[in-house]
Amino acid sequence: MERLKLWNHYELENILQDSKKIIPFLNEFMKNHSVEDTLEMIRISGVCFNVYNKGYKKVSKKVISHIKSFYKDDQSKIEEFSEQIRLINSIFEDFFTLRESKELNQIPKNKESITFILSLEIMLGSLIEYINGNSLFRIKEVYPYVFSLFDEGKQKIVSAGKDMNRVLGIADSIAEFSGSLLKVMGATKGNVGKLETMRMNYVRISREHIEMFDLWSTLLSIEQKWRFIGADINIDERKTNIHLNNEKFLKAQEISKVRFKNQRSKWFADFNLSDKTELKNKINPNTISLAPKNYLCEDEAFFCIAIGEFLHTHNLEIKCLGVTLAEWIRAYIVIQIAAKDYLKERFASKKVRPLNIEDWTIVKKDEEWKNLFISKGISPSSAVVIMENFKFTIDSKDLLDCPFVVHDDILIVIPSVASHMDPSMSLISLLTKKNVDISFKGTGLEDDFLRKLNKQNIFTKKIKRVHNGETYECDAVFTLNNDLYFVELKAFGQPLTTREYYNLLLKVQGANEKINCDDNERSATEQLNRIVDFYASNLDIVKEELQLDSNYIPTNIYKIIVTTAMLGESMYYNDCYIIDTSVFVRFLDRIPPGFSFGKTFLKPHHEDFEGDISSEKLKNLLESPPQIELGNIRVRKNHRNIKLNELTVEYLYYDDPLGDFIKYDKELLKKLGMDMEKVAVSSIQGD
């Protein structure tokens, strides 16, 4: 993939959020950089456009004016950049204009957050019951209005089962993006408004927020892509065309996401098919013992397995922010169980409740939530940390990570959203958002990796030396056909968004230049090169550790970074190959990747996965992982038009035509070597 010029946007955001630092920083930066670099840096910093901060326009004007005064010979480039900001701002302005045309401005500002929460709970709650197969008549006994699919041809309402994938996708989307709208409404300031009964008219109007979720989430995605990879925005009459600058990045991001979701589906399928006899003896809804000794429910067991898989550790006692992994998962599960029980109780009541927060959400004081956590085995000190980090703020990713909406001294949980949480994913996302370093390596990752290599008769060792006060530690060193390999293992969170994939590249490759001269943090490639430089100059250490002949001289030295985050591209940067554990482990296990279609499994022939492992085969894998090849076949480029009042916005995106449920595509199946008539309805990629 053509390499992006990477900037440490975390540092830029920290510097430029202080209005007093902006101009001094710009002055120093512009002395040593071109106008192109300066404008790119400003774009990535987010200082010139922020949908959650209406005050950005004043700052943006100040920044652009200062840049103009410095680069006097580049006015046209600066004007062009200003026009791009104006255009992306106008797209969002058109969205807000459309929003106002839906009568949403009839809702008083001080009632906006509460009416939205009520409308959200009614719509998503009724959708959950629709998914569960209940009739609309039965659902309306409890919910004032109901979401359902409608067959235009037959002019009738159809069951969720007719297009379950679509219905589940809508529910997931609503749960995921509801938080972004609450941010815009100011519901992150510790007070959501007067807790009183709302008018039905306001709650019904507020549905328009939810029905506009797709537009809103699309615009947020476009803004992220514009910010991190750049785009040319052109307007022709009432049509805006967004030409994204790095399509390879977009495709890689989508392949990465598709591979990860398929892997999770496989974990879940394997878990459901496993023998749970021993597990059932460990399930106790009233236990105060944490995993893996006991579980509150079967779901907790799966999510504990999932977090272990994400972080490649078997140790749930590992602490993040001073709280064990077992306690984090238990806290999410406690909230999720409370939410599901609340939904069941509500539906069983067969009555429509008054339209107030207390009757549609779970409302408890801080102390009540704390005591509930403690009663389920979480230590008092951990309960305090968890509660603080579960509070939904302007910096939170979404309500799935941070389920507590703060109102004075009470914490509100929206049950239909909380019931959708995936505790393992929520925890990884929360820790990443909090900038917690999850690149620790549990013994599981290192031990498994060394064991698999040695099982293939590839003698491998971890090497560590201290020289002149500096530590040089390499996770795995081995020889293969006289070539010498150094491997660094990295546990990174799985990226699912544009920003997160950009962050992954930043961790692996490093920023093009350091903004903060005092920053001594090394990227993964910088770390590995430092280690290999030491051992290449002190080869006797390697010979001793690997029991090599004293005359040994490697034909080639290869450096490999193995990351737990699934990649969407083959990577070679700074003399290092970058590959993910899924690819490497399947290679060591001699299991080629493929697809499962119902009872049919497609396993393409791959010579590198047959016979003994050789250096040539391993190098082929590093240069062209077959999982990425399959991803390139699956993921396709598409264009979409969205309508905002009189404005049409056209943009490019990548998606997976197979999805979770196959929509028959003759051309794609032919590429995969599949007989269309033999393909079942469901699909899982065996990554």
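In this tour, two parts of the chain are in contact when heavy atoms of one lie within 4.5 Å of heavy atoms of the other. Keep that in mind as you open the structure, which is a predicted model.

**Stop 1**

Zoom in on β8 and strand β9 (residues 410–413), which run antiparallel and are joined by three bridges. Which residue of β9 is the bridge partner of Val-405? Click across from Val-405 and you land on Ile-412. Strands of a sheet pair through backbone hydrogen bonds, so try displaying the backbone here.

**Stop 2**

Are they buried or exposed? Both Trp-369 and Phe-373 are buried.

Lys-364 lies over the face of Trp-369, at 5.7 Å from the ring centre. For another arrangement of this kind, select Arg-138 and Phe-347: Arg-138 lies over the face of the Phe-347 ring, 3.9 Å from its centre.

**Stop 1: an aromatic cluster**

Next, select Phe-49, Phe-92, Phe-95, Phe-96, Trp-216 and Trp-226, which ring pairs link into a cluster. The model has 33 aromatic pairs in the count. Look at one of them, Phe-95 and Phe-96: the ring centres are 5.6 Å apart and the planes meet at 70 degrees, so this pair is edge-to-face.

Phe-96 is partly exposed, because its relative accessibility is 22%. Compare the pair from the previous stop: the rings of Trp-369 and Phe-373 have centres 6.4 Å apart and planes at 35 degrees, so they are tilted.

**Stop 2: a buried threonine**

Select Thr-38, in helix α3 (residues 35–45). Why does Thr-38 count as buried? Its relative accessibility is 0%, and buried means under 20%. To see what surrounds Thr-38, leave aside neighbours within four places in sequence and show its contacts: Leu-26, Phe-29, Met-30, His-33, Ile-67 and Tyr-71.

**Stop 3: a six-stranded sheet**

Move on to the open sheet of six strands, ordered β10-β11-β12-β13-β15-β14, with mixed pairing. Find the edges, β10 (460–467) and β14 (571–573): each has a single partner strand, so one side of each has no neighbour in the sheet. On average, neighbouring strands of this sheet are turned by 30 degrees against each other, direction ignored.

Inside the sheet, select strand β13 (residues 557–563) and strand β15 (residues 576–580), which pair in the parallel sense over four bridges. Ile-560 stands opposite Tyr-577 in β15.

Then show helix α25 (residues 615–623). This helix lies across β11 (470–480), β12 (483–490), β13 and β15, and runs at about 80 degrees to β15.

**Stop 6**

With a relative accessible area of 39%, Glu-610 is partly exposed. Leaving aside neighbours within four places in sequence, Glu-610 is in contact with Arg-590, His-605 and Lys-617.

**Stop 4: two crossing helices**

Finish with helix α1 (residues 9–16) and helix α21 (residues 498–509), which pack at an angle of about 110 degrees with their axes 11 Å apart. That angle makes α1 roughly perpendicular to α21. To see the contact, show His-9, Tyr-10 and Glu-13 of α1 together with Arg-499, Tyr-502, Asn-503 and Leu-506 of α21.

Terms used:
Residues numbered from 1 in each chain as written. Predicted model: local features only at pLDDT ≥ 70, side-chain atom pairs only at ≥ 80, totals over all residues. Heavy atoms only, no water. Buried < 20%, exposed > 50% of the residue type's maximum accessible area, 1.4 Å probe, protein only. Phe/Tyr/Trp six-rings, centres within 6.5 Å; stacked < 30°, edge-to-face > 60°. Lys NZ or Arg CZ within 6 Å of the ring centre and 35° of its normal. Pairing = 2+ DSSP bridges. Axes fitted to C-alpha atoms, helices over the stretch in contact; angles between N-to-C directions. Parallel < 35°, antiparallel > 145°, perpendicular 65-115°, else oblique.
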